[in-house]
Amino acid sequence: MPSSTPRPRASLVRVLDDLGATLLDLVHGDTSRVDDIGGIVIHDRVDAPVLPRHALVLGVAIDDPAEIAGLLGDLGRQDAAGLVIRAPVPFTDEVRAAAEASGVALLGLSRGAPWAHIATMLRSVLAEGDVGGPASETLGGLPSGDLFAVANAISSLLDAPVTIEDNSSRVLAFSSRQDEADSSRVETILGRQVPERYARILNERGVFRDLHRSDQPIYVDEIVADDGSVTLPRVAVAVRAGDEVLGSIWAAVTGPLSEARAGALRDTAQLVALHLLRVRAGADTGRRVRADLLSSVLEGGQGARESLERLGLADARLLVLACTLAGPGASHQGDPSAAHEQQRLADAFAMHLSAVNPRSASALIDGVAYGLVAAGGSPEEAEARATRIATDFLGRIGDRSRPIVAVGPAATHLSDIVRARATTDRILRVLREAGGSRSVARLADVQTESLLMELRDRTIARGEQLTGPLARLVEYDRQHDGQLVPTLQAWLDAFGDVTKASEALFVHTNTFRYRLRRVAEVGEVDLLDSGQRFALTLLLRLWPGLAGGAEQESWPDP
C-alpha cells in the first residue's frame, strides 16, 4: 500500500473529497475558508440549537429562498462553516447575495439520501480526535481508522470505485469516482445499504457464502435486475481478523482483475482489517477517554479545567443531564446483560445529545450516563430546553428498559457543575423510588421528595426509633390488626374527606369513622390540630410502609 499525504481531517475540502459527487454538491462558497469544522448541527426552526464555531448545519425541510437567505445571515453571524440544503437548491439572487455576504458555504444534498445517513457519514468523516487528543498513528501510511482514505487508496490501486461494507452490507466508507459505476452503486451510496433486490440476487448466486468461505477475491458477473437495469461486474474480498469476518471490500470493475491487482486487493483486505479493528478499539478507547474527562469535570478535582477544555466546553454555560435505568437493570454490577443494556442506553443517549447539540459530551460513569450540554438563554430557558431534549430522547427509544433522565440546573463555573451533578443524582434517586410513574424531572419537580429522602437517611443513620402517637398506633395494629395506621394515612391523603378516604380503603364510611375515633384515642392525638397532623404526615413519609397494614411481614420497632 503506498503512503499517502494526510488530507485535512475536519474541513469542507475533506468533506467534499469524501462525500462529494454522490451525496453532496457545492452550490456556492469557498471551501478553503474554514479548515476545521466544529460539529454537525441539525437546524431546528422552533428551537435553534447552540452552534459551535465553524458548524456545518443541516437545513432539514428548508426550501424557501427567503428562509434560506435569512438562515445564511444568521449562520454567518455565528461563524458557521456551511449550510446543507436538499437539492435542487433554489439558488436565487437573494440566496446568492446572502451566501456571499455571510461567507457560509452552501451545499446541496442529493435527492434520495436520508438526512440521518448524511449526518452519520459526516460524523464518520469528522470523528477522529473528537476529544482533543494527540494526532493519531498511521496504518499502512494512512491515518488509523480513516476508512475513507483507505477506500480512496484501494480505488487508486484497482483503478475502480470502491466501497467498504460491514457484514450487513451497510456502507462504512466509499471512494471517489462513484459516478463511474452504475445506478446500483449510486443507490447503495445514497441509501448506505445494498438495495434488497440486488442483495437477494447475490445471495441466490451464493456470492456471500463464497465470500465468507474464501480469503481470495470473488468475481461477480453483471446483474440484470427485475427492472431491466444492468450492473457492472464486481470484485469483492472478505475482510477478516482471524476467523472473524469483519466486512468486505467491493470494487465496480469492467472485467476480471489482473493477477497483480487481485493480489493487491487481497493484501489490502488485511490492512482494512487493521483499520476496522482500530475503529472498534477506538470506539472503546474514546468511551474511556470521554468518561475520564467527564468524570474529572463532574468531580471538580485537579485537572477539571483542562478536561473541560479538551471536551470543547470551557467557555459555555452548561447543563448536567443524567440518564439511567429505573427498573431491575438500574444496578448492573455482576450482571453482564444489564451492563450491556446500560451501555446501549448510554450510547443512544450520547448520540441523541450530539445530534441535537454538538456542543455536548456524554459518558457512562458508575452505571449512569452523564451529559454536559451547552445552554443558551436564561437558566430557566436552558432547563426547559434540556427537559425537551430528555423527553424527546425517551420518546424515541421507548420504555422497554424503563429509562429515567434527571435535568440539573445551569452551571457557569466548575463548582456549579459539581453541585449540578449532585443534584442530578438526587433527582435520579427520587425517580427510581417513584417506580416509573415519572421519567423526566428537574429539581423543582421533586425537591420535596428529595429533601424527605435526605431527612430519612439522617434518621436511619442516627438509629432513630419511632416514638409518640404513631408508635402507639403501629403497636396497636401489630397486636390487634386494627388498621389504624392505614386509616390515618388515607384520611391525611384525602385532606380529611371521610367519604374519599373510606373509598380508598374499600370500607363503609361508618367503619372508617369508628377507626378514625380509635386513631385519636389510641394515638392520644388531636386530629384537629394542624401541627399534629403535619407531624404525623412527616413521620409517615420518613417511615414508608407503615400504612401497609397487619399483613406486613415486619414492622419497625416503635
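**Salt bridges across the predicted model.** A search of the whole structure turns up 21 salt bridges, counted when a side-chain nitrogen of Lys or Arg lies within 4 Å of a carboxyl oxygen of Asp or Glu. One of them pairs Asp-79 with Arg-53, with 3.5 Å between the closest N and O atoms. The pair ties together distant parts of the chain, 26 residues apart: Asp-79 sits in the loop between helix H2 (65-77) and strand S4 (82-86), and Arg-53 in the loop between strand S2 (39-42) and strand S3 (55-59). Helices (H or I, at least four residues) and strands (E, at least two) are DSSP runs, numbered from the N terminus. This is a predicted model, where local features need pLDDT of at least 70 and side-chain atom pairs count only at pLDDT 80 or more, while totals for chains, interfaces and linings use all residues. Residues are numbered from 1 along each chain as its sequence is written, and side-chain values use heavy atoms, with hydrogens and water left out.

Strands S8 (residues 162-165) and S9 (residues 171-174) run antiparallel, joined by three bridges; pairing takes at least two bridges found by DSSP. Thr-163 faces Phe-174 of S9. Five residues separate the two strands of the hairpin, and Ser-169 in the turn has a positive phi of about 65 degrees.

**Where H16 meets H17.** The axes of H16 (residues 484-493) and H17 (residues 498-505) come within 8 Å and cross at roughly 130 degrees (lines fitted to C-alpha atoms over the stretch in contact, angles from 0 to 180 degrees between N-to-C directions). Contact (heavy atoms within 4.5 Å) involves Pro-486, Thr-487, Ala-490 and Trp-491 of H16 with Val-498, Ala-501 and Leu-505 of H17.
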